[in-house]
Structures are given as structure tokens and as C-alpha cells.
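Morning, everyone. Let me put the model on the screen, and then we'll walk through a few sites.

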Amino acid sequence: MIRRLLDKPGSVDLTRFQATVAEAARLESEVRARPELLPPAEAAVGTAEFCAVVREAAVRTLGQRPYDVQLVGTLALLHGHVAEMATGEGKTLSGALAAAGFALRGRRVHVISVNDYLARRDAEWMAPLYQALGLTVGWIGQGSTPEERRAAYSRDVTYAAVSELGFDVLRDRLRTDPADLLVPAPEVALVDEADSVLVDEARVPLILAGAADPGRAAPEMAALVRRLSRGYHFEVDDEGRNVFLTAKGTDTVETALGISLYDHPGTVAEVNLALHAHALLTRDVDYIVRDGRVHLINPSRGRVALLQRWPDGLHAAVEAKERLAPSETGEILDSITIQGLLTRYPEICGMTGTAVAVGDQLREFYKREVAVIPPNRPCVRVDEPDRIFAAADDKVAAVVEEIAAQHATGRPVLVGTLDVAESERLDLRLRARGLAPVVLNAKNDAEEASIIARAGARGAITVSTQMAGRGTDIRLGGAAEEDGDDAEEAVRRLGGLYVIGTGRHDSSRLDDQLRGRAGRQGDPGGSVFFVSGEDVLLTAYAPDASLPDADADGVVRNPQAASTVGHAQRVAEGANLEIHRNTWRYTRLLERQRDELLERRDRILHEDTGARALEDACPERYAELRESAGEAAVERAARQIVLFHLDRCWTEHLAHMADVREGIHLRALGRLNPLDEFNREAVPAYRHLLDEIGRRSKETFESVDVTGDLAGQGLARPTATWTYLVQENPFGSEWDRVLSRVAAALKGGRRRR
């Protein structure tokens, strides 16, 4: 009530939903007696009758009776909220019932997942339920063919990974024949792991590129910086986000290259990229190398980030560092951020275990409210206070001792590490103690479902890098049928699953998601986090704060230590929020321009708008061609001409605005607002784009042979396109780094004074 009075996130009133579900319970016996279930009518969706029917449909087709709280979650989704439901509370079924409700209203539903595995699993798992309600369901994955995608999009409900949906939208934006379009008009987006998709990955651009060429990064630069020493040739700032040559380092580089370095700006950029790749990006932490390629690691989920790249030549620099062949790169034909992709939908709802923490962002960026759904059974998990150490070595030793002690009792232990390298180091330490952990990280994430499913077995030790979005419940006693109820009860008596975090994440939501693996559906369980003053969270986000003195055993018991850790985490969350806001500010105007241009493109694609524009611009030429080639041929050629130049001009506009943004921060030195300056550049550039489309189209139409091969007359499109995601440059743009160094120098000067 207090939260509601203060208008805080998570204060959606559930009273009306609970009353509807209570009424549905009174209808349950009558609905159960029906020999055949008829799908609810459109007008009934969201009523007690609807809840009773879909509950019975789930019982008959899936063998699962939705709990009252699951139906409350369904109603919250149908009203456009983001439902916060704890791990193990049945979000998948609640989401399917809500998707069915939207579909029964005649709306096309896209259930958006974080990866292919969950999209396929959930679609196949829920298919009998949809069929019982007279609905069709399909799914899309990375390996889906165009025919399979077309079939899936034709279904009432389509499950898809967010990246695959985005790539299909981008491909459709370059179609030149309406018959080739795949993605239907957006209507309802139901987002699984909503905080991850809508917030953590919102700023990730999805890219469609063409004219692919090998990437470029000089191997000799990687070899050169490999010989440089930190503290002598180069320095790294306190936040670990910037690296720069010392005077000695500059001399060494200039001698090796035989040039005056700062007389060659391009070479300076190459050296800086090589130095960033060498000093600031760590193998098995920021990326892994697999099958001869660099694969980024998703920082919020610990998995390989499929198809993701770093921008600004940084990816090629890492490949050169690892002595790998450069991967292809190409001209960006179009792009869309995940936030821009999802805000296309008139209706958005979602579900996750941790929504309240990002409730303000869901309001700010999506106008969504959070509905906190109570658990079916009270959570009895015991969350212990953090165990804080001064030194990282002491922390790791204590983690190993705690795992060994819990394992000795037979209690299953799930350990959450912050990166791949840490999981592998811990694995070695545990094996040296005679223990046999199972490791789940980005290197073996294909096996994750089976690994997680066994993590609750007696005596199991599972070491995992991140647990967000894993999508598989951990059942006490293990998941295999032969484990049986006796095994589950034995683990219950031991206290249930024990979760150990080897460090705090830079988001409290990730901590909560790890904790939430224990204590599902009223199970016993426990959790504890181990933290040290040398952890990246503290050194990067609270570098000026110092922990109180440790006791003789290395443990910091002063209550102020927990406050320092909490402060560092809040600073990290604030920094990530500001990055999100800043990215959205810079992309919002481009998104609006793209939307306006797409409306124009759709009219050209589906109507004779292109032909009429060229007829007005070139009446004599149009009449001549109509007489010689016929109206249909001229209209067809006009469509192709205008679409080609529209797409080409947009590609050039994107490249121009990327160049503008790269250097726009320099204007802050002149006391100008970089965002205002960016928008001031973008508006006239867009007007020029519109004029240029008309000018080029007219020029081509005047000279082209409309009955010939247009591609051979200068209208050739890329022979192939490819897609990828750009992960935000972890170090900012070049000018971000320059300004950071200036600020650091000024800060240092003030301190000296």
C-alpha cells in the first residue's frame, strides 16, 4: 500500500485479478465435467470463465494444473504489465496462457525469448495446450530456413529468439517484392526474461551488412604491443576502461615503426585498438576462442553471445591479438536496437523473476508497470549475509572450504562465478581437494539443460558462470525418474540446494537470479555471497572507498563493509542505466527517421508511388517508356529504381551519422551539448537524404533501359548479406577515451594541489 501511495514500481494492484481467479475456482468442477472444451470467445478472454477453461486445458494436455498465482500472472500479462514471478513459479505456463488469450482476441502474438533453445523448447512444450484451444504455434531459430520462418510467422503464436526476430525485420526492410516479406505487422510482444531483453540488451544494435570483406587489423601491431609492459610502456586507469602509452611507450612504438607516431592519426588509432585488446580484454573473461574464432561472452548470462561483435575495429584487434585470421566485415545496410525493435509493438508485456529492480526503466522506456505476483508457497530459503574479505586469495580459499564442508554433508552446492576463467580456476582448486565438480560456462553451454537438471542431486557440486535465463528448474534430488521422491526428501533434510556466489555482480538482479535457483516452490535452500576488496566491482566502481580492517583470519566483520559493497553495486547499476539512456538518446531520432522512411518505402513497395513520383519528375521520359515497354514494365522498373536509391541513401546516412557520433563528444570541450549537436547534424542530413533519393532516382530513370537487367546498369545490390549484433564498445568511443583521460588528468592535478 505504501509503495502504491508513493507510486513505486511493483505496486500494481492485484485485487481484481485475484477475485477473477477465485471465481474461476468456483467454476472449476463444472468445466472439468465438460467432455469437450470449446475455446473461449474473444469477449470472454480475461474473465473467470477464461481462467477456468485454460486451466482445464492445461490439465488435460500438459498434466499441469496452473496455480492460482499463475493465473494471476496470466491476467497481469493480458493487461500489459511485466509480471515478476520467482524462479520455479511457472512463468512459461503463465506466458503461454496469456499468449493464448491475446490470440483468442484475434491478435498475432510473438513470444520473445533470449535464445533459440528456449524458443523451441517452450513452443514444443506448450503446443498441445494451444491446439486444445484451437490455436496454432510455431518457432524460429538460427537454423530456420526462409520457408520455415514464413510458416512459423503464419501461426497464431510464434516463439522466437529476439535476435532472429530482429534480423528478419532487417531483411524485410530490403525486400523489393511484396511476396518475399516474412514478418507480419507487429501486434503483441510477450517477452520472456523481460528485464534481460528490455533492459540489459535494449541498447544492443542488430546489424544487417553487405559487401563483406575480410576485417582489417595489423598483426604487427598486436605483436608490437605484446612486447610492452604495464607500468613502464603503458598505464591503465583506475576503472580499467582506458589504457594509454607512457612517454617511454611512445618512444618504443615510434622506434619500432620508424615514424613520429602522432603525425599519423590512423596509426595512432591502430596502436590504441591493439593496446586496448591486449591490456583490457581478457580471454575466458570477456571472450573465448573456439573453432578458430573469437566469441564474445554475454556478461549478464555467461553464455557465448552468438553473432556478437565489438565495433570500431576492436573485434579485429582481438583477433590479431589471438593470432587468428580476420573475420569478415562489411558495409552496414541497416540496423535496429532491440529497444527500437520491441517498441514497434502496440502491446508489450513480459515476465521475469527480477523486474522491480528495473521498474523505473520499464516505465521510462516502455511505459510498462510491474505486477509482483506472490509465490505459490512462501519462500523459506535462508539468505546469509555476505562474507567479506580484504584479499581475493583469502576469499577463494574460504569459498573452497565452504564448498568442501557443505559437500561433506551430502548437500548439493551450486556455485555462481563471474566469468569463465574463474570457473575453471575454481574447478582446479576443487579437484585438488579431491572433489569432482561439474562446470557450466560459455565453453560447454550446449550441455546446460542436463547439467542444471542434475544440480540438485545429493552430493552434486555445480560451478556455473551466471544463471540468468538458463530456463531449467533445479529439482531437489535430481531430475531423473530413477532419483525418485526418496532422493528429493533426503536432500530436503540436508537443507536443500545451497547457492554460493563467488562475488557480487554489477547488478543486484543477477545476484537475485542466482539466489533464486534455491528455494523454489517452498523448497528449503540457502545462499551466501563471498566478496573481497580486490573484486572488480569495488576496484572499478568504488576505487576511492576502502574496506574496514580485516581480522586475523582475513574476514572483514565491520558492518560498514557491507555498506561499501552495496554502494559499489549501486554505482555500477547507475553507470549501466546512464549508458542505456545515452544510447537511446542518440538512436531515438534515427529510429524516428527510419520509421518515416519505412512508411515511404512501404508505399513504394506495395503501391505505384515510385512510378507516380518519376512520372511527375520526368513526364516526357515516362510517356516514352510507357509507349515502348508498357505501363507494367515501367512501374516495375520505377519501383526497383526508387527502392534502390532509398536503401542506398539510408546506408550512407547511417555511415555519416556514425562518423558524426564518433567525434561529437569533442564539442563538449566548447561547452556545447553533444546530444543537441548530434540532433542538429541529423535533421538536415535526413532532409538531404530525401532530396538525394529523388535526384538519383530521376537521373537513373532518364538513362536506364527499363526492359534490361537493372543490376547491370548500376543498381546492383549486395550478392549476400549477413547479420550480427554489436556489443557496446566496453571502453566508449575514441573521444570518450580522450575526454576520460583529460578528466583524469584534471582530477589528479586537483588532488596534488
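Start here: is Ile332 buried, partly exposed or exposed? Ile332 is partly exposed, because its relative accessible area is 32%. The cut-offs: buried means under 20% relative accessible area, exposed over 50%, partly exposed in between, with a 1.4 Å probe and protein chains only.

Some ground rules. This is a predicted model, so local features need pLDDT of at least 70 and side-chain atom pairs count only at pLDDT 80 or more, while totals for chains, interfaces and linings use all residues. Residues are numbered from 1 along each chain as its sequence is written, and side-chain values use heavy atoms, with hydrogens and water left out.

Back to Ile332. Its place is in strand β12, residues 328-337. Helices (H or I, at least four residues) and strands (E, at least two) are DSSP runs, numbered from the N terminus. Beyond its neighbours within four places in sequence, Ile332 is in contact with Ile207, Leu208, Ala209, Thr651, Leu654 and Tyr724. Contact here means heavy atoms within 4.5 Å. Thr721 is 389 residues away along the chain, yet the C-alpha atoms of Ile332 and Thr721 are separated by 9.7 Å.

Next, the interior. A nonpolar core is a set of buried Ala, Val, Leu, Ile, Met, Phe, Trp, Tyr and Cys residues joined through side-chain atoms within 4.5 Å. The largest one has 54 residues, and Leu129, Tyr130, Val157, Tyr159 and Ile373 touch the most other members. Another core lies apart from it, with 41 residues, including Ile140 and Leu341. In soluble globular proteins, nonpolar side chains tend to be buried together.

Now the aromatics. Rings of Phe, Tyr and Trp (its six-membered ring) pair if their centres lie within 6.5 Å; planes under 30 degrees apart are stacked, over 60 edge-to-face, the rest tilted. That rule gives 4 aromatic pairs. One of them is Tyr130 with Tyr159, edge-to-face, 6.3 Å centre to centre and 65° between the planes. This pair links distant parts of the chain, with Tyr130 in helix α6 (116-132) and Tyr159 in strand β4 (157-161), 29 residues apart. Tyr130 counts as buried because its relative accessibility is 0%. Tyr159 is buried too, at 3%.

On to helix α17, residues 420-432. How far apart are its end C-alpha atoms? They are 19 Å apart, which agrees with the 18 Å that 13 residues should span at 1.5 Å a residue. The expected span is 1.5 Å times one less than the number of residues. Buried residues in α17 include Val420, Leu426 and Leu430. The helix's buried residues pack against β9, α16, β17, β18 and β19. At the start of α17, a side-chain oxygen of Asp419 comes to within 3.2 Å of the backbone nitrogen of Ala421. Just after the helix, Gly434 takes a positive phi of about 85°.

Last site: Glu89. It sits in the loop between β1 (82-84) and α5 (91-104). Which is it, buried or exposed? Glu89 counts as buried, because its relative accessibility is 4%. Its side chain makes a polar contact with the side chain of Gln521, at 3.3 Å. A polar contact is a pair of N or O atoms within 3.5 Å; within protein, one must be able to donate a hydrogen and the other to accept it, and residues adjacent in sequence count only if both atoms are side-chain atoms. Not counting residues up to four places away, Glu89 also touches Val69, Gln70, Pro375 and Asn376.
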